[in-house]
Amino acid sequence: MDATPPPFEPMHRLADAVRRKARSAEELVRGCLDRISTLDGGLGSFREVYEQRGIERARAIDAAIAAGEDPGPLAGVPLAVKDVLATDFGRTSAGSRFLEDYRSPFTATAVQRLENAGAIVIGKTNCDEFAMGSSTEHCAFGAVRNPWDMNRVPGGSSGGSAAAVAAGLVPAALGSDTGGSIRQPASFCNIVGLKPSYGRISRWGLIAFGSSLDQIGCLTRSVQDAALLFMLMSGPDGRDSTCADIHLNNPLERLDEPIDGLRVAVPRQYLDDRNDPGVNEVINAAIDVYRGLGAEIVPVELPLTDYAVATYYIIAPAEASANLARYDGIRYGRRATMSPGDDLSALYAASRSEGFGAEVQRRIMLGTYVLSAGYYDAYYRRAMQIRRLIKGEFDAVFESCHAILGPVAPKPAFPLGARPDPLSMYLGDVFTAITNIAGHCAMSIPAGFAACDGRDLPVGLHLQAKAFDEGTLLRAARMFEAATDDHGRMPPVPGRDA
Amino acid sequence: MSEVLSEQAVRQVAKLARLRLTDEQVRIYRRQLEEVLGHLDTLGRIDVDGIEPMAHPLALTNHLQDDVVGPSLLPATLLGMAPAVEDAWMVAPKVMGEEGS
């Protein structure tokens, strides 16, 4: 019997145990359902749980194994998915009152591919409304809390997924990342978060926020689990024309092979004194780890980092304002009660004002403003020009370096309610949003802890690699993971050792 | 780039965005959006002369698919999601309102 309780065990080991009949899928699903029912009341990470469906699917997988079939590399692994991924069971609400009772008639490609590989979706996790936020406080169904400190945010927007994995409620979860929404909560909760390159995973069934930025990814307890989920979700899909048909070598095959002559770029802008000193300390120690592994540390300049937030908060709201125009109160979702004489415009405005929370309203207005006549050139067009310059800066670094290293966020998890002003929240996205602007791949891996108000709070190491080179990204991450042990630390959740 | 954002401008943007705001919301959003726009204006420091705008990180071309009939969602499924339906139609108020009818 393994010493680690099943919910904290790496997913690939759980699947292996099910395939070997050392554990049953039903046992795994019931174990997760029990933990959710015992522990999630305080965390609030789940929007809804699919108990009956989960147990039925688990029994079907156990029956298939008993009959000599192989249900796939994720056999019986319980999985949670962020509430922005459509499933043809349960509700898909995007953390919004507008879609509170929306039931999708289809399932997202990424989710379907994982279930086809044997995974069992046991619930949807809470997120910031339409994935707009960095704390999961902007969720219509209640804020999610950080298992490392229940008075702090888990990060966002995939905060429910991060909290659920960190607390051992599920071995892995899916998220989406438009400006850091997988990596920042992974960093705040001491787990692994992977944002693949734009175009690697089909966005079909992902509720759209910023269509040139959105990418589905995963939150896991190990780099190997991230590589496994990534590989299974990737690949072209006729339903998403932006999903690229670019060959992917199986990242698992060489995952444990250290990269010879690894060159790691460290931009001066990533470690300045605007960061929390504890964060810089952890990242400097991570640099020493890589140096100790024989990597060459290459100081570089990425001066446009200072303009990342401004560029992102033009492009993302502009795209969001267009994407969210579909919520009209006519075809699906919330419809306001009408007064006699109200016309179509009045119905749109009433339904949207009732259905959208404040952050979504702000972003739609910001997007509408920067796209409006008279401001388009000064904001949106200029941001797209700077986007090209930003991509150029990264391309130049990736010509001579395998990876770029830095912190995921300037500060660790902050207390609930500590960033009431939108700009103060946006500025925390500086290191992550720039990746989505340029479109390459990146991940957050547990790197250590920073002392903050008498608490040890997790700090994530941000690794970035060039577009469609997830193999290098994952190997570089695995080298660090194998040389350190912070990924093994578990949060002080009651019942953990039960 | 930006002038100071007026409440009138906020109301106009809300109208374009099909949002109905209370006076209190107008006051709050005006202050918050003005602060954000002030930060966005820092982009004015960057020389972008002659730089081609980049709308998308991938150099994409249109993907063409064969025009083949495939499975699709049934009308009843889609109508079942609409908040108001009559027979095979989704119900909406008049486009132009009473005075335009």
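Student: How many of the nine residues of helix α1 (residues 11–19) of chain A are buried?

Tutor: A residue is buried if 20 or more other C-beta atoms lie within 10 Å of its own, exposed if 12 or fewer, and partly exposed in between, with C-beta atoms placed from the backbone. Helices (H or I, at least four residues) and strands (E, at least two) are DSSP runs numbered from the N terminus. Among the buried residues of α1(A) are A:M11, A:H12 and A:R19. Helix α1 of chain A is largely enclosed by the rest of the structure, because the number of its residues that are buried is seven.

Student: What pLDDT do local features need in this predicted model?

Tutor: Residues are numbered from 1 along each chain as its sequence is written, while chains are lettered from A and ligands numbered from 1 in the order in which they are written. The model is predicted: totals for chains, interfaces and linings use all residues, side-chain atom pairs count only at pLDDT 80 or more, and local features need a pLDDT of at least 70.

Student: Which residue with a positive phi follows α1(A)?

Tutor: The cover over the buried residues of α1(A) includes the helices α2 (25–43), α3 (51–66) and α7 (223–233), together with the strands β4 (172–177) and β6 (215–220) of chain A. After α1(A) comes a residue whose phi is near 70°, namely A:K21.

Student: Which are the edge strands of the open sheet of chain A?

Tutor: Two strands pair if DSSP finds at least two bridges between them. The open sheet has 11 strands with mixed pairing, in the order β1-β3-β2-β4-β6-β5-β10-β11-β9-β7-β8. The strands that pair on one side only are β1 (46–49) and β8 (296–300) of chain A.

Student: In which sense does β3(A) run relative to strand β2 (residues 78–82) of chain A, parallel or antiparallel?

Tutor: All six residues of β3(A) are buried, so this strand is largely enclosed by the rest of the structure. Three bridges join β1(A) to β3(A) in the antiparallel sense, and A:V49 stands opposite A:G123. Five bridges join β2(A) to β3(A), and the two run parallel.

Student: At what angle does helix α15 (residues 470–483) of chain A run to β10(A)?

Tutor: Axes are lines fitted to C-alpha atoms, for helices over the stretch in contact, and angles run from 0 to 180 degrees between N-to-C directions. Helix α15(A) lies across β9, β10 (441–452) and β11 (455–465) of chain A. Its angle to β10(A) is about 25°.

Student: How many residues does domain 2 of chain A give to its contact with domain 1?

Tutor: The domain bounds come from an automatic or database domain assignment. The centres of the two domains of chain A, taken over C-alpha atoms, are separated by 27 Å. Domain 1 gives 29 residues to the contact, and the number from domain 2 is 22.

Student: How far apart in space are A:R152 and A:L457?

Tutor: A:R152 lies in the loop between β3 (120–125) and α5 (159–166) of chain A, and is buried, with 22 other C-beta atoms within 10 Å. Two residues are in contact if their C-beta atoms, placed from the backbone, lie within 7 Å; leaving out residues up to four places away in sequence, A:R152 touches several residues, including A:N146 and A:F414. A:R152 and A:L457 are 305 residues apart in sequence, and their C-alpha to C-alpha distance is 9.9 Å.

Student: Which helix supplies the largest share of the side of chain A that touches chain B?

Tutor: This contact takes 57 residues from chain A and 44 residues from chain B. Among the helices of chain A that each supply at least two residues are α10 (344–355), α11 (358–371) and α12 (377–400). The largest share, 12 residues, comes from α12(A).
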